Amino acid sequence: MNHQRATPTVAQVALIGLFVTALVTAQVTASKILAFSLPFSLPIIGAELALPGAALAYAVTFLASDCYAELYGRKATQIVVNVGFALNFVVLALVWSTIAAPAADPTVAAEFATVLGASTNVVLGSLLAYVVSQNWDVIVFHRIRAHTGREKLWLRNIASTASSQAIDTVIFVSVAFAIAPAILGIGTVSGGSALLTLIVGQYLLKLLIAVLDTPVVYAVVSIVRSRDGVGTAETPS
């Protein structure tokens with residue numbers, strides 16, 4: 001007997017699209033190191049905030065996944081997260097096939113390889129950091145929800161994102177900027193102080209975004225529930 005599957009809603013497609021868009025953007029922007037001057041000095045990082053270019057894009061993936069988790073449940077969110085993990089390999093294959101393809105201008109090809117070749121380190125760091133931190137985010141989000149019900153969405157959003165971002169940041173920076181370059185010989189191996197600066201800088205930005213995006217999560221969830229009548233698909237034990 002054939003069962004007709006429900007048509008995905010605009011909200012579902014939009015949240016998955018935002019998640020994937022931010023994820024891919026993070027892969028191709030992470031090799032650029034950003035530096036922001038601060039009006040004050042902080043321990044470890046001093047008066048300059050240094051972080052990978054992917055920090056903002058990757059933080060958006062957690063916003064999208066938290067909205068999706070609240071609306072559609074743990075199992076549906078883990079499917080999105082783990083399919084996204086597999087798509088990282090597609091990004092890596094497409095980047096390297098483009099680098100390997102013949103080029104009309106060798107100079108441009110060399111610059112292209114220099115910029116995007118380093119994304120191999122970024123993707124490898126992202127693969128490990130992503131699969132650990134995103135699944136952790138979903139688990140923590142729903143463990144808290146099991147105790148709070150629909151109340152205290154702000155607590156679920158901040159606690160799950162803050163803890164998962166800490167895990168993600170340490171794994172990603174260590175692999176992308178030290179372990180992978182050392183093993184593969186691609187890119188520059190960063191020293192201990194540089195790694196610590198990147199970890200602290202990236203995490204501070206992600207933590208700030210986790211706090212600031214809470215009203216956005218509330219707004220998205222409220223709009224989708226009122227528009228589509230969506231609850232949460234499941235309450236995990």
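Ser-222 is found in helix H8; helices here are DSSP runs (H or I) of at least four residues, numbered from the N terminus. At 47% relative accessibility, Ser-222 counts as partly exposed, where buried means under 20% relative accessible area, exposed over 50% and partly exposed in between, with a 1.4 Å probe and protein chains only. Ser-222 and Leu-42 are separated by 180 residues in sequence and by 37 Å in space, C-alpha to C-alpha.

The model is predicted: local features need pLDDT of at least 70 and side-chain atom pairs count only at pLDDT 80 or more, while totals for chains, interfaces and linings use all residues. Residues are numbered from 1 along each chain as its sequence is written, and side-chain values use heavy atoms, with hydrogens and water left out.

**Loop residues**

Asp-213 lies in the loop between H7 and H8 and is buried, with a relative accessible area of 6%. Contact means heavy atoms within 4.5 Å; leaving aside neighbours within four places in sequence, Asp-213 is in contact with Leu-63 and Asn-157.

Lys-152 is found in the loop between H5 and H6 and is partly exposed, at 45% relative accessibility. Its phi is positive, about 60°, although Lys-152 is not a glycine. Most residues other than glycine have a negative phi.

**Aromatic pairs**

A search of the whole structure finds four aromatic pairs. Rings of Phe, Tyr and Trp (its six-membered ring) pair if their centres lie within 6.5 Å; planes under 30 degrees apart count as stacked, over 60 as edge-to-face and the rest as tilted. Two of these pairs are set out below.

| Pair | Centre to centre | Angle between planes | Class |
|---|---|---|---|
| Tyr-58 and Phe-62 | 5.6 Å | 80° | edge-to-face |
| Phe-85 and Phe-89 | 5.7 Å | 90° | edge-to-face |

Tyr-58 and Phe-62 both lie in helix H2 (residues 55-72), four residues apart, about one turn of the helix, and both are buried. Phe-85 and Phe-89 are separated by about one helical turn because they are four residues apart in helix H3 (residues 74-100). Phe-85 is partly exposed at 23% relative accessibility, and Phe-89 is partly exposed at 46%.

**Packing of H1 and H3**

The axes of helix H1 (residues 10-29) and H3 come within 11 Å and cross at roughly 35°. These axes are lines fitted to C-alpha atoms over the stretch in contact, with angles running from 0 to 180 degrees between N-to-C directions. The crossing is right-handed, that is, the near helix is turned clockwise from the far one by less than a right angle. H1 contributes Ile-16, Phe-19, Leu-23, Val-24 and Gln-27 to the contact, and H3 contributes Val-80, Val-81, Gly-84, Asn-88 and Val-91.

**Nonpolar cores**

A nonpolar core is a set of buried Ala, Val, Leu, Ile, Met, Phe, Trp, Tyr and Cys residues joined through side-chain atoms within 4.5 Å. The largest has 37 residues, of which Phe-19, Tyr-72, Phe-172, Val-173 and Phe-177 touch the most other members. Elements giving two or more residues to this core are H1, H2, H3, helix H5 (119-148), helix H6 (153-184), helix H7 (192-212) and helix H8 (214-228). The largest share, 10 residues, comes from H2. A second, separate core of six residues includes Val-91, Leu-92, Val-95 and Leu-127.

Beyond its neighbours within four places in sequence, Val-173 is in contact with Ala-178, Leu-195, Leu-198, Ile-199 and Gln-202.
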